[in-house]
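User: Can you walk me through a few of the labels on this one? I'd like to hear what backs each of them up.

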Amino acid sequence: MKAMELVVATDLSPAAVPAVEHALQWAQKLGASVTLLHVVHDPELAPALATDVPGDAANAKRALDAIAARSAVPCRVDVRTADDVAAAIAAAARGAAYLFVGTHGRSGFQRLRLGSIATKVLRQSPAPVVCMPSPATA
């Protein structure tokens, strides 16, 4: 029997902390492993959103490795580069028991201008999604 896997997508912002914490807590209770996922925008596919992709990916990997090292559950680190963050997150969730994501809690003009990755992931994910509110909006 294959071990249960949880995927937690994080942008490494304070809004993502509750999703990471809850995924790790659930994994410990369920005897599951966790994939810590971060998606970096590809500069060739999304130049307006890209900054320093190799640096961003390396920094994300270091941050996720630190989380994994402190975790009481088995963790795998997955840093991907993509033009469509929501689609990349949904693809990473194939085969997972649950997908955890955080939300920034934007509304009004901010949400219209910036969109919502969490909402897009909810629509695209093949796995059940646990969406955790930002500490500022909880």
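User: Where is L12 found?

Analyst: L12 is found in the loop between β1 (5–9) and α1 (17–30). Helices (H or I, at least four residues) and strands (E, at least two) are DSSP runs, numbered from the N terminus. By the way, this is a predicted model, where local features need pLDDT of at least 70, side-chain atom pairs count only at pLDDT 80 or more, and totals for chains, interfaces and linings use all residues. Residues are numbered from 1 along each chain as its sequence is written, and side-chain values use heavy atoms, with hydrogens and water left out.

User: Why is L12 called partly exposed?

Analyst: Buried means under 20% relative accessible area, exposed over 50%, and partly exposed in between (1.4 Å probe, protein chains only). L12 has 35% relative accessibility, so it counts as partly exposed. Its phi is near 65 degrees, a positive value in a residue other than glycine.

User: What makes β1 and β4 (residues 98–103) a pair?

Analyst: Two strands pair if DSSP finds at least two bridges between them. β1 and β4 have 4, in the parallel sense, and L6 stands opposite Y98 in β4. β4 is also joined to β5 (residues 129–133) by 5 bridges, again parallel, with G102 opposite M132 and T103 opposite P133.

User: How do you know that the buried residues of α5 line one face?

Analyst: In α5 (residues 117–124), A118, T119 and V121 are buried. Seen down the axis of α5, the buried residues fall within an arc of 160 degrees (taken from the directions from the helix axis to the C-beta atoms), so they line one face.
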